[in-house]
Amino acid sequence: MFALSDYRSILAIAEEAHFGRAARRMGCTQPALSGRLRRVEEELGARLFDRDRGGVRITPAGQAFVEGAERVIAAAQEAAESTRAVHAGLGQLVRIGMTQVSAYQVVVPVLEAFRRRHPRARLRLVEGTTASLERDLEQKVVDVAFLHPPLHAPGLSEHVMTRTALMRFDAVPDQPFHRPLIRYPRAEAPVLMGELARSETEREGAFDEDRLPEIEANTMLGALVLSRAGFGPFVTTEDYPTPFEKTPDCLRADPTGAELTTAAAWRRLDRRPLVEELVACARRCADP
C-alpha cells in the first residue's frame with residue numbers, strides 16, 4: 001500500500017514535530033514532504049497531524065500509524081541485514097524471547113544444544129513478561145519464546161518444559177511474615193497473580209486487593225529488592241537465584257501450594273527449519 005519512504009516520512013514528522021526539520025532529515029523539500037503526507041492521509045481517509053501556531057501535533061490516528069510504521073521499518077531493516085548476513089556466509093537470524101524465570105530455568109541448556117547443531121546461526125535474545133512475549137509472538141517480533149502458560153493468543157503452540165513450586169519469601173527476618181504481598185502487574189503476570197490469589201484465599205479465607213499497599217514490581221528481581229528493603233514478602237519459584245544467597249538466613253520461605261509452569265511457545269504455522277530445530281532442542285531439554 002505504501003512505500004518504505006512513506007513510513008519513514010511520517011515517522012520523521014512525528015519525531016521532529018516540525019515539517020522543515022523532518023524534510024531536511026528525509027533529504028527532500030518541505031512541499032514534497034507535505035505532498036507525501038497528504039497522499040498517505042487521503043489513502044487512509046484519516047488525518048495524521050494537526051498544524052497550528054504551536055507546531056505539529058500528532059493525532060490519535062497518526063499515533064496508531066506511527067506505531068505500525070516503526071514495526072514496518074524495523075522488519076525491513078531486519079530483512080536487509082539477514083540477506084546481507086546470508087550472502088556473507090553467516091546463518092539466519094532467530095529471535096528468542098524469555099522471561100526472567102525461564103532464563104535461569106531452561107534457556108541456557110536449550111541454547112547450548114542449539115549452538116552445537118547450528119554454530120553459525122545468528123540469535124537475538126530479548127527479555128519480557130509472559131504477556132509481552134505472547135504479543136511479540138503474535139506480531140512476529142520473536143520466533144520462539146520461553147514463558148509461562150496458559151496462553152490466550154490463537155495460533156500458538158507450546159511445549160511444557162518444567163513445573164516449579166511457588167514459595168512465599170521474606171527478605172527481612174525481623175518483620176511479621178504474614179504481611180501483604182508485593183504484587184506483580186496483573187496485565188503482565190496473570191498466571192502468577194491468579195495463583196497468588198488462590199493461595200491467599202486458601203491461607204486467609206479471602207484475597208482483598210483493597211487491603212494491599214501500592215507496592216508492585218514487574219519482575220521477580222524487583223520484588224526481591226523491594227522485599228529486601230522491608231516492603232513485605234513476595235512470591236517466586238523455589239529455585240529462584242538471588243543476590244543474597246551468601247546470607248540465606250535473611251530469606252524465610254513458606255510454601256504457597258501453587259506452582260509455575262514454564263514452556264516453549266511458537267507460532268503453529270511457522271515451519272522454518274531453524275525455528276523447528278530450536279523447538280526440537282527445547283523438547284529434548286524438557287523435564288521427563
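This is a predicted model: local features need pLDDT of at least 70, side-chain atom pairs count only at pLDDT 80 or more; totals for chains, interfaces and linings use all residues.
Local features are given only where pLDDT is at least 70 and side-chain atom pairs only at pLDDT 80 or more, whereas totals for chains, interfaces and linings use all residues. Residues are numbered from 1 along each chain as its sequence is written, and side-chain values use heavy atoms, with hydrogens and water left out.

The protein has 9 helices and 8 strands. Helices (H or I, at least four residues) and strands (E, at least two) are DSSP runs, numbered from the N terminus. Of the 288 residues, 46% count as buried. Buried means under 20% relative accessible area, exposed means over 50%, and partly exposed is in between (1.4 Å probe, protein chains only). Among contacts between residues at least 6 apart in sequence, 72% join residues at least 24 apart; contact means heavy atoms within 4.5 Å.

Helix α1 covers residues 4-16. Its 13 residues should span 18 Å at 1.5 Å a residue, and its end C-alpha atoms are 18 Å apart, which agrees. The expected span of a helix is 1.5 Å times one less than its number of residues. The buried residues of α1 are Asp6, Tyr7, Ser9, Ile10, Leu11, Ala12 and Ile13.

Two packed helices are described by the angle between their axes and the distance between the axes. Axes are lines fitted to C-alpha atoms, for helices over the stretch in contact, and angles run from 0 to 180 degrees between N-to-C directions. Helix α1 packs with α3 (residues 30-44) at an angle of about 110°, with the axes 10 Å apart. The two are therefore roughly perpendicular. Angles under 35 degrees count as roughly parallel, over 145 as roughly antiparallel, 65 to 115 as roughly perpendicular and the rest as oblique. On the α1 side the contact is made by Ser5, Asp6, Ser9, Ile10 and Ile13, and on the α3 side by Leu33, Arg36, Leu37, Arg39 and Val40. These residues divide into 5 nonpolar, 2 polar and 3 charged. Here Ala, Val, Leu, Ile, Met, Phe, Trp, Tyr, Cys and Pro count as nonpolar, Asp, Glu, Lys and Arg as charged, and the others, Gly among them, as polar.

Helix α3 also meets α2 (19-26). The axes of α2 and α3 come within 9 Å and cross at roughly 95°, which makes α2 roughly perpendicular to α3. From α2 the contact takes Phe19, Gly20, Ala22, Ala23 and Met26, and from α3 it takes Gln30, Leu33, Ser34, Arg36 and Leu37. The division in this contact is 6 nonpolar, 3 polar and 1 charged.

A kink of about 55° lies at Val106, shortly before the proline Pro109. The bend at a residue is the angle between axes fitted to the seven residues ending there and the seven starting there. Val106 is also one of the buried residues of α5, which include Val101, Val107, Val110, Leu111 and Phe114.

Some backbone values call for a separate look. Most residues other than glycine have a negative phi, and most peptide bonds are trans. Just after α1, Ala17 takes a positive phi of about 55°. Ala17 lies in the loop between α1 and α2 and is partly exposed, with a relative accessible area of 34%. Lys140, in the loop between α6 (130-138) and β5, has a positive phi near 60° and is exposed, at 55% relative accessible area. The peptide bond from Pro149 to Pro150 is cis, with omega near 15°. Pro150 lies in the loop between β5 (144-147) and β6 (156-170).

Two buried residues complete the tour. Ala145 is in strand β5, with a relative accessible area of 0%. Leaving aside neighbours within four places in sequence, Ala145 is in contact with Gly97, Leu133, Leu137, Ala263, Ala264 and Ala265. Asp270 is found in the loop between β8 (252-267) and α9 (273-285) and is buried, at 11%.
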